[in-house]
Amino acid sequence: MDKTFRAFDPHQVLLLPPSLNDWLPEGHLARFVADLVDEVLDLSPVLADYTDKRGYPPYDPRLMLRLLIYGCTIGVRSSRAIERKCTDDVAFRFLAADQAPDFRSISRFRRRHLDALATLFTQSLHLATKLGMVKMGRVALDGTKLQANASKHKAMSYGRLVDKEERIEADTAALEAKAQALLADAQATDEAEDQMFGTDGKDTDLPAELDRREKRLAKLQAARAQIEAEAAAKARRRAQDKERRRQERGGTSDEQAVTDAGDKAAAKAHPKPKAQANFTDPDSRIMKNSDGAYIQAYNAQAVVDEKHQVTTAADVTTNPSDALNYTTMLDQSAANTGRHPKQALVDAGYCSEANLNAARDRQLVCDTDTFMATGRLAHDEQVPPAPRGRIPANATLKERMARKLRTRPGKAAYSRRKAIVEPVFGQIMTCQSGRRLLLRSEDGARGEWRLLAACHNLREIFRHAGTAGLATVVG
């Protein structure tokens with residue numbers, strides 16, 4: 001063959017040890033994460049947890065934070081996947097300084113410092129604010145369903161749970177009676193024991209089965225108590241709200257009467273037969289996602305600023321409805337940024353009489369103009385034309401809001417809602433593999449969602465400013 005190829009020798013020995021710094025191109029996201037952790041982020045909440053000098057030295061928290069932030073940003077969130085990447089991927093090896101923590105160490109670090117990792121969200125928001133990426137002129141509030149780390153098939157309805165509990169109690173009583181009989185015959189001959197357990201059987205078989213059923217019964221009783229407590233709390237809230245409204249109409253105020261009404265309703269409350277509890281993750285709930293499927297999930301909420309799609313507030317609730325989160329999420333956004341937005345865009349899922357009243361009060365107190373959809377449109381349905389003339393004096397808040405959205409400024413403002421918040425959810429679900437949670441419990445889901453939101457903000461900072469922007473902030 002006459003063709004000449006470039007020299008290639010897989011067994012070539014290097015004269016000097018290779019540097020991982022030379023293997024990673026300039027402007028790489030991993031370099032941004034390294035500078036971020038080493039120079040910008042406040043690691044004191046993590047370092048404060050290391051007070052015991054005994055034991056084998058743990059991995060440097062900077063190393064672990066580098067891996068978790070970079071992995072969460074590019075969609076490598078599993079501790080086992082991060083462990084593999086520390087061997088196979090140049091960027092991960094660069095961040096870990098050629099170390100390879102095992103997946104147990106990574107998982108334990110994430111669980112141990114979950115609250116500290118959640119503070120990365122506010123740190124990323126403050127960093128974006130310093131770089132001029134948060135304007136708070138117009139924000140969009142929306143929610144999405146995150147699949148919990150639990151199967152919906154591990155849930156049981158209240159009616160079936162009570163029936164199952166009664167059957168297991170009966171079986172347990174029968175087994176206990178049988179166990180007592182066996183204990184009374186403990187001094188019987190070997191032949192009698194062989195007849196009872198078989199020639200190859202053990203006298204521990206029955207107590208093991210009894211222990212298994214008792215543990216199962218304890219789980220059922222805990223799930224039943226959870227459902228009953230939730231039903232009582234819901235009945236108490238409704239009764240108290242009803243009593244407060246009655247007192248407002250009568251011009252009176254008696255908090256003791258409100259408390260008594262709530263206690264009375266809670267005592268009479270009875271769960272619905274279809275109310276469910278999950279044995280794997282009791283805090284999660286059956287919810288309907290955007291595809292119309294019912295999944296075991298949490299309701300993740302986010303407020304997003306229009307300028308650079310920076311998330312200004314993030315939280316998780318166990319209620320499938322978005323309507324309860326309008327005030328709390330906008331208040332959280334204002335607390336995180338230090339100012340209220342000029343406009344807030346929310347969809348029909350937040351529309352309720354209470355939220356319409358809250359929107360009116362928010363405009364008077366905080367100067368935030370809310371555009372809230374009052375109903376969903378069918379696929380081929382058109383928005384009604386803008387009304388003409390004065391607003392009727394007897395128009396309700398919902399009618400006033402619907403009229404406001406049909407005006408030209410209302411249409412122009414509300415049309416930006418999807419373009420602000422939906423891309424953020426899409427990027428978190430696809431680029432960051434955030435559709436399914438890894439941690440269980442409401443606190444775990446909240447910490448994980450805020451970490452996902454923080455990494456989304458850091459990705460936007462990297463796109464906008466890069467390492468040069470970090471140098472400006474540090475300087």
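This is a predicted model: local features need pLDDT of at least 70, side-chain atom pairs count only at pLDDT 80 or more; totals for chains, interfaces and linings use all residues.

**Entry 1: an exposed aspartate and its partners**

I started at Asp-443, which is exposed with a relative accessible area of 57%. Asp-443 pairs with Arg-446 in a salt bridge, and their closest N and O atoms are 3.4 Å apart. I looked up where the two sit: both are in helix α18, 3 residues apart, about one turn of the helix.

**Entry 2: other salt bridges**

How many salt bridges does the structure hold? I get 23.

I picked out Arg-417 and Asp-142, whose side chains meet at 3.2 Å, N to O. This pair links distant parts of the chain, with Arg-417 in helix α17 and Asp-142 in strand β1 (residues 138-147), 275 residues apart. Are the two partners buried or exposed? Arg-417 has 6% relative accessibility, so I file it as buried. Asp-142 comes out at 4%, so it goes down as buried too.

Next I took Arg-246 and Glu-243, which form a salt bridge at 2.6 Å, N to O. They are 3 residues apart in helix α11 (residues 205-250), so about one helical turn separates them.

**Entry 3: rings**

I counted 3 aromatic pairs in the structure. One of them is Phe-32 with Phe-462, a tilted pair at 5.2 Å centre to centre with 55° between the planes. Phe-32 belongs to helix α2 (residues 29-40) and Phe-462 to helix α18 (residues 442-464), so this contact ties together parts that are 430 residues apart in sequence. I checked Phe-32 for burial and found a relative accessible area of 1%, so buried.

Then I looked at Phe-425 and Trp-449. Their ring centres are 6.2 Å apart and the planes meet at 45°, so this pair is tilted. It also links distant parts of the chain: Phe-425 is in helix α17 (residues 417-430) and Trp-449 in helix α18, 24 residues apart. Both partners turned out buried, Phe-425 at 5% and Trp-449 at 1%.

While on rings, I also searched for charges sitting over them. Arg-112 lies over the face of Tyr-50, 4.5 Å from the ring centre. Lys-404 has its charged end over the ring of Phe-371, 4.5 Å from the centre.

**Entry 4: helix α4**

I moved on to α4, residues 61-74. From first C-alpha to last, this 14-residue helix reaches 20 Å, close to the 20 Å expected at 1.5 Å a residue. How many of its residues are buried? The answer is 12 of the 14, so I put α4 down as largely enclosed by the rest of the structure. Among the buried ones I noted Pro-61, Arg-66, Tyr-70 and Cys-72.

I looked at both ends of this helix. At the start, Asp-60 brings a side-chain oxygen to within 2.9 Å of the backbone nitrogen of Arg-62. After the helix comes Gly-75, with a positive phi near 95°.

Most residues other than glycine have a negative phi.

I looked up the surroundings of each. Asp-98 is in the loop between α6 (90-95) and α7 (103-112), and its 44% relative accessibility makes it partly exposed. Asp-367 is in the loop between α14 (353-366) and β8 (369-372), and at 47% it counts as partly exposed.

Conventions. Residues are numbered from 1 along each chain as its sequence is written. Side-chain values use heavy atoms; hydrogens and water are left out. Helices (H or I, at least four residues) and strands (E, at least two) are DSSP runs, numbered from the N terminus. The expected span of a helix is 1.5 Å times one less than its number of residues. Buried means under 20% relative accessible area, exposed over 50%, partly exposed in between (1.4 Å probe, protein chains only). A polar contact is a pair of N or O atoms within 3.5 Å; within protein, one must be able to donate a hydrogen and the other to accept it, and residues adjacent in sequence count only if both atoms are side-chain atoms. Rings of Phe, Tyr and Trp (its six-membered ring) pair if their centres lie within 6.5 Å; planes under 30 degrees apart count as stacked, over 60 as edge-to-face and the rest as tilted. A charge sits over a ring if NZ of Lys or CZ of Arg is within 6 Å of the ring centre and within 35 degrees of the ring normal. A salt bridge is a side-chain nitrogen of Lys or Arg within 4 Å of a carboxyl oxygen of Asp or Glu.
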